[in-house]
Amino acid sequence: MDINALFTDEGLRAFTATVRDQHVRDAQQYGQIADIVRRRLEQTPIDGDRWLSKRLRAWKVARQLKAMQKASGEAASKAEALYATYVNEVLELPQRRAVAEAKRLERKNGRQAAVGAAVAGSLNRTVTALNTPQEQPTSTVPQARPAEFVAPESPFGQWPMAAGGERPTSTINDYFPKGEQG
């Protein structure tokens with residue numbers, strides 16, 4: 001047998017078919033022999049046998065042949081499993097990897113396109129917001145409190161800045177209208 005032939009699809013298929021057929025034939029023969037041995041031993045008495053001794057002895061011997069039959073059947077199944085595993089794990093693997101890589105690239109391109117679209121939309125909204133003329137604020141600022149609570153001589157008029165202690169250029173009174181001076 002050429003060992004290199006096992007690494008081809010046809011070579012391994014031929015090998016597993018041969019092995020499978022051999023094990024199937026062996027399993028059939030073991031089953032037939034088990035039936036013959038069991039029947040013969042059931043009919044052959046040995047001195048000192050009791051009424052079920054022949055049947056029990058025949059069953060014990062035939063049981064071993066039945067186990068051989070079962071093992072041969074499993075070996076035939078394993079031969080088919082060998083071929084199926086080889087095809088799945090060796091022969092079809094490059095094709096499956098190529099398909100998986102194509103799917104991975106497609107997902108990656110889809111994600112990149114989605115991110116690009118989101119960035120473009122964000123930039124469009126920003127440009128639109130920056131280029132849109134803002135409404136000019138009205139001369140009056142909405143008041144949080146009525147004007148009578150804010151007096152020009154308020155002690156909170158000038159607050160020192162936290163960073164360097166400079167005085168602010170405006171006071172809180174600049175934000176509230178002084179009301180009617182009349």
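I took contact to mean heavy atoms within 4.5 Å. The model I looked at is predicted, so I kept local features only at pLDDT of at least 70 and side-chain atom pairs only at pLDDT 80 or more, while totals for chains, interfaces and linings use all residues. Residues are numbered from 1 along each chain as its sequence is written, and side-chain values use heavy atoms, with hydrogens and water left out.

Entry on Y30. I looked up Y30 and found that, not counting residues up to four places away in sequence, Y30 touches L65, M68, Q69 and S72. Y30 and A62 lie 32 residues apart in sequence and 9.5 Å apart in space, C-alpha to C-alpha. With a relative accessibility of 23%, Y30 counts as partly exposed (buried is under 20% relative accessible area, exposed over 50%, partly exposed in between, with a 1.4 Å probe and protein chains only).

Entry on helix 1. Y30 belongs to helix 1, helices being DSSP runs of H or I with at least four residues, numbered from the N terminus. I noted G11, L12, T16, A17, D26, A27, G31 and A34 as the buried residues of helix 1, and these pack against helix 2.

Entry on the helix pair. Helix 1 (residues 9-43) and helix 2 (residues 53-91) pack at an angle of about 170 degrees, their axes 8 Å apart; the axes are lines fitted to C-alpha atoms over the stretch in contact, and angles run from 0 to 180 degrees between N-to-C directions. The two helices are therefore roughly antiparallel to each other, a label for angles over 145 degrees.

Conventions:
Angles under 35 degrees count as roughly parallel, over 145 as roughly antiparallel, 65 to 115 as roughly perpendicular and the rest as oblique.
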